[in-house]
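Visitor: I have a structure open and would like to go through it with you. Can we take it piece by piece?

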Amino acid sequence: MTSMVDRYFNTLAERLERVRTTQAAAIEQAAELCAASIAADKLAFTFGTGHGALPALESFPRTGTITGFRPIVESTMISFHRVLGDMGARQYRFIHAVEGYGKAILNSHQLDPLDTMVLFSHSGINAVILDIALECKARGMKVVGVTSLPHSSVTPSRHSSGKRLFEVADVVIDTGIPKADASLVIEGLEHPVGANSTSVTIAIAHAIVATTAEKLVQQGIKPFVMVNPNTTSKAEANAQNDRNYEELWRRLKSR
């Protein structure tokens with residue numbers, strides 16, 4: 001009998017392979033947009049709510065990423081791991097469904113029409129993610145949507161526009177994750193376990209960043225790469241990463 005460990009990793013490997021074989025062109029297109037923004041001295045923003053904030057966070061500044069990616073992470077939408085009390089699960093459940101909040105978030109960032117926005121949302125149906133997508137489009141920005149078409153295509157929008165993320169984005173990367181996300185059934189247990197969406201979207205995020213770096217190099221532009229300071233070359237790594245932060249500050253100061 002196949003163990004639960006094997007079942008989980010086999011399922012995850014199958015889903016990653018599906019993304020590799022069916023979404024490579026979309027990831028290339030997303031990287032083209034991000035590279036164009038960075039090459040123009042602009043930014044490639046990343047955003048998600050809930051678990052969608054995790055791939056957004058992975059895009060910068062961590063080892064192997066490049067300056068030019070700029071995560072927008074709202075603490076009200078990611079800190080619900082404590083469940084109860086301040087910034088709990090009930091507050092998150094309320095706030096990510098409130099229209100207008102996404103536009104307020106964007107108003108706290110000086111956006112440029114040449115910036116790109118990469119949005120991560122499994123369902124792609126809730127108010128804040130649609131606020132962000134629609135407002136970025138209205139400001140002339142290109143939008144990349146990383147979302148589950150098996151989920152979103154059969155689920156009505158919860159935004160007054162009636163739109164879902166895949167219907168707004170210029171480039172759509174389909175995670176292929178089923179509607180329920182978790183899909184491992186245990187006999188005697190009513191609901192499935194073993195979610196895959198976060199692992200798959202983080203892999204997609206790093207594929208976008210890596211491909212963006214490659215496209216910049218092909219244009220003769222050397223990107224500022226974050227390196228690992230937890231080695232014997234800590235001082236050298238910190239110096240390089242500080243230069244990367246200075247480059248980010250330079251881009252922000254020009255706004």
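Visitor: Which strands form the open sheet, and in what order?
Guide: This is a predicted model. In it, 5 strands make up an open sheet, ordered β2-β1-β3-β4-β5, and the pairing is parallel.

Visitor: Which strands stand at the edges?
Guide: Those are β2 and β5 (171–174). Each has a single partner strand, so one side of each has no neighbour in the sheet.

Visitor: How many degrees are neighbouring strands turned against each other?
Guide: On average 20 degrees, with direction ignored.

Visitor: Over how many bridges do β3 and β4 pair?
Guide: They pair over 6 bridges, in the parallel sense. One detail there: valine 118 has valine 144 in β4 as its bridge partner.

Visitor: Which helix lies across β1, β2, β3, β4 and β5?
Guide: Helix α2, residues 24–39. The angle between α2 and β5 is about 135 degrees.

Visitor: Now α6. Why call it largely enclosed?
Guide: Because 9 of the 12 residues of α6 are buried, the rest of the structure largely encloses this helix. Among the buried ones are Val128, Leu130, Ile132 and Cys136.

Visitor: What do the buried residues of α6 pack against?
Guide: Their partners include the strands β1 (44–48), β3 (116–121) and β4 (142–147). The helices α4 (89–95), α5 (101–107) and α8 (165–168) are also packed against.

Visitor: And how far apart are the end C-alpha atoms of α6?
Guide: They are 16 Å apart. The 12 residues of α6, at 1.5 Å a residue, should span 16 Å, which agrees. Just after α6 comes glycine 140, with a positive phi of about 90 degrees.

Visitor: What about α9, what should its residues span?
Guide: Helix α9 has 22 residues, 197–218, and should span 32 Å; its end C-alpha atoms are 31 Å apart, which agrees. Its buried residues include Val200, Ile204, Ile208 and Leu216.

Visitor: Which residues touch the most other members in the largest nonpolar core?
Guide: That core has 54 residues, and Phe47, Phe69, Met117, Leu119, Ile132, Ile173 and Ile208 touch the most other members.

Visitor: Take leucine 119. What is it in contact with, leaving aside neighbours within four places in sequence?
Guide: Its contacts include Phe47, Ile129, Ile132, Val144 and Leu165. Of these, Ile129 and Ile132 are among the buried residues of α6.

Visitor: Changing topic: how many aromatic pairs are there?
Guide: The structure holds 2. Tyrosine 8 and phenylalanine 9 form an edge-to-face pair, 5.5 Å centre to centre with 85 degrees between the planes. Tyrosine 8 is partly exposed at 21% relative accessibility, whereas phenylalanine 9 is exposed at 52%.
Guide: Phenylalanine 80 and tyrosine 92 form a stacked pair, 4.5 Å centre to centre with 15 degrees between the planes. Phenylalanine 80 sits in the loop between β2 (69–72) and α4, and tyrosine 92 is in helix α4, 12 residues apart.

Visitor: Are phenylalanine 80 and tyrosine 92 buried or exposed?
Guide: Both phenylalanine 80 and tyrosine 92 are buried.

Visitor: Last one: where is threonine 63?
Guide: Threonine 63 is in the loop between α3 (53–58) and β2, and counts as partly exposed at 36% relative accessibility. Leaving aside neighbours within four places in sequence, threonine 63 is in contact with Met226, Val227 and Asn228. Its C-alpha atom is 9.4 Å from that of asparagine 241, which is 178 residues away along the chain.

Note on methods:
Residues numbered from 1 in each chain as written. Predicted model: local features only at pLDDT ≥ 70, side-chain atom pairs only at ≥ 80, totals over all residues. Heavy atoms only, no water. Helix = DSSP H or I, 4+ residues; strand = E, 2+ residues; numbered from the N terminus. Expected span 1.5 Å × (residues − 1). Buried < 20%, exposed > 50% of the residue type's maximum accessible area, 1.4 Å probe, protein only. Contact = heavy atoms within 4.5 Å. Phe/Tyr/Trp six-rings, centres within 6.5 Å; stacked < 30°, edge-to-face > 60°. Core = buried A, V, L, I, M, F, W, Y, C linked by side-chain atoms within 4.5 Å. Pairing = 2+ DSSP bridges. Axes fitted to C-alpha atoms, helices over the stretch in contact; angles between N-to-C directions.
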